[in-house]
Number of protein chains: 2
Amino acid sequence: MEFDSKLINDAVASFSKLPSIGKKTALRLVLHILKQENSLAEDLASSLVKLKEGVKYCTTCHMAGDSEDCFCKSSYLDPSIICVVEDIQDVIAIKNTGHYSGFFHVLGGIISPINGIGPDDLKISSLLRRVKESGSEIKEVIMALPATMEGDTTTFYIAKKLQGVDVKVSSIARGVPVGSELEYTDEITLGRSIMNRVNYSVQ
Amino acid sequence: MEFDSKLINDAVASFSKLPSIGKKTALRLVLHILKQENSLAEDLASSLVKLKEGVKYCTTCHMAGDSEDCFCKSSYLDPSIICVVEDIQDVIAIKNTGHYSGFFHVLGGIISPINGIGPDDLKISSLLRRVKESGSEIKEVIMALPATMEGDTTTFYIAKKLQGVDVKVSSIARGVPVGSELEYTDEITLGRSIMNRVNYSVQ
C-alpha cells in the first residue's frame, strides 16, 4: 500500500521502524495525526527530540534520568544491597512493589549469543567494580533478571565472576504467580516452586 | 508506572495520544528510541512536522497529496464514474485492485450520530455539487463505504440527495469474501449474497 505522497510514505516508514508497529498500524497512526490538530504532531516531535537530547544515564547505576544527579545518590537508600536488572523499566517495576529500598544496577540487556550480545556489551564490568570498590559495604547482590534461559545465563555468569568476592548473591524467586491455579501452571515453574519451597510458620 | 524523568514521561504521554497505543506500549516505544541511534528519533520527529506542514488536500476530490496538483486532474482517468469512499486509504486500496480507473471522492468519514458526525461534517455537499456541475459527464456514482450500519446510512443519505439528478448510483457488492467457506460466513452476509446473486454464464 504505497501512497503517491512522499510525505505520508516517509512518516509511515519512520513509524514502522518502531517495535511492534507494522506498515498498516503506521499508516493508521499517520492518518490519525493528519486528522488531528497540529499540536499533536508537534508535541510528539518535540518530545522525541528533547528525549534524545536530554536524557542522561547515571555513570554509577546506568539508570536514565533528566540530569546526572541520579536517585542512586540519595541517602535514604539501603547501601548494603544492590539489585541487578536488565533494563530501566525494571527499576520502576521493582520500586513500585514497595519491597525494595536498596541500590540498582541496570545492565542494559542480558547475555544473548543469538542476538550477538556478549558480556562486554553489558554493564557487567562496572557492576563488578562497583561491588569490589564498595569495600564490603555492599553485602548482597540480588539478581532480578528475566526467568528465561538468557536471564539465567547472565545470572550464572555474574555469580561466577563474583566468586571470591565477599558478597552474597541471590536471585528473585521463581514460582507460581500470585492468583494462579496450580493446574494451569507449567511444569517447570511448578517444579522450581517445589524445589525452592520456603518454610511456613503460623504466628 | 511513572518515571522520575519528566522527559520520558512527556514522550510516553505524547505517544499514548495515538490510537491503539496505551501507556505500556508507549513506554516500550520510548525505551526503544532511547536505545537506538539519534537519527531514529530525529527522522520520526522531522517526518511528523513535515507531514503536518506539507500535506495538501485536493479541493475537488479531497485526497491528500504533496501538492495541490492532485492525481484527479490526470487525463487518463475515466471521467464518467466517481467512487465515493470514507477515507484516503480506501482510495489506495481501490486503486490497487486494478479494477477501477475513474475519479474518487473522499468524504473524510461517514455519518455516525453516536460519534457526533453528521452530513455537514463530511464532504457530501461538495460531492453533490461536483456531480451536478459536471453537466451529466458523470454517469455513475459508486458508493464504496464500509459494510456497517453507518456506512449503509451514509450511502442511503447520499443516494437520496442524488434523486432527481441524472446519474446512476451503485454500491460495491456485499457477499462472501473470496476464499471463504460458506459454513463460516455469517447469516446476514450470506443472505445478501443470495439477494444480490449475479448471472453466471459459461463461455
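Two residues are taken to be in contact if their C-beta atoms, placed from the backbone, lie within 7 Å. The structure is a predicted model, in which local features need pLDDT of at least 70 and side-chain atom pairs count only at pLDDT 80 or more, while totals for chains, interfaces and linings use all residues. Residues are numbered from 1 along each chain as its sequence is written, and chains are lettered from A, with ligands numbered from 1, in the order in which they are written.

Within chain B, Ile82(B) is part of strand β3, which covers residues 78-85; strands (E, at least two residues) and helices (H or I, at least four) are DSSP runs numbered from the N terminus. Leaving aside neighbours within four places in sequence, Ile82(B) is in contact with Gly102(B), Phe103(B), His105(B), Val131(B), Ile138(B) and Val141(B). Ile82(B) counts as buried because 23 C-beta neighbours lie inside 10 Å, the cut-off for a buried residue being 20 or more other C-beta atoms within 10 Å of its own, with 12 or fewer for exposed and partly exposed in between. Between Ile82(B) and Leu127(B), which are 45 residues apart in sequence, the C-alpha to C-alpha distance is 9.5 Å.

Between the chains, 46 residues of chain A are in contact with 46 residues of chain B. The side of chain A that touches chain B receives at least two residues from each of α1, α2 (23-35), α3 (38-54), β2 (64-65) and α4 (88-97), and α3(A) gives the most, with 14 residues. By class, this side of chain A has 26 nonpolar, nine polar and eleven charged residues, where Ala, Val, Leu, Ile, Met, Phe, Trp, Tyr, Cys and Pro count as nonpolar, Asp, Glu, Lys and Arg as charged, and the others, Gly among them, as polar.

Chain A can be laid on chain B with an RMSD of 0.1 Å by a turn of 180° and a shift of 0.0 Å along the axis, copies being superposed by least squares on the C-alpha atoms of residues with pLDDT of at least 70 in both. The two copies are thus related as by a two-fold rotation axis.
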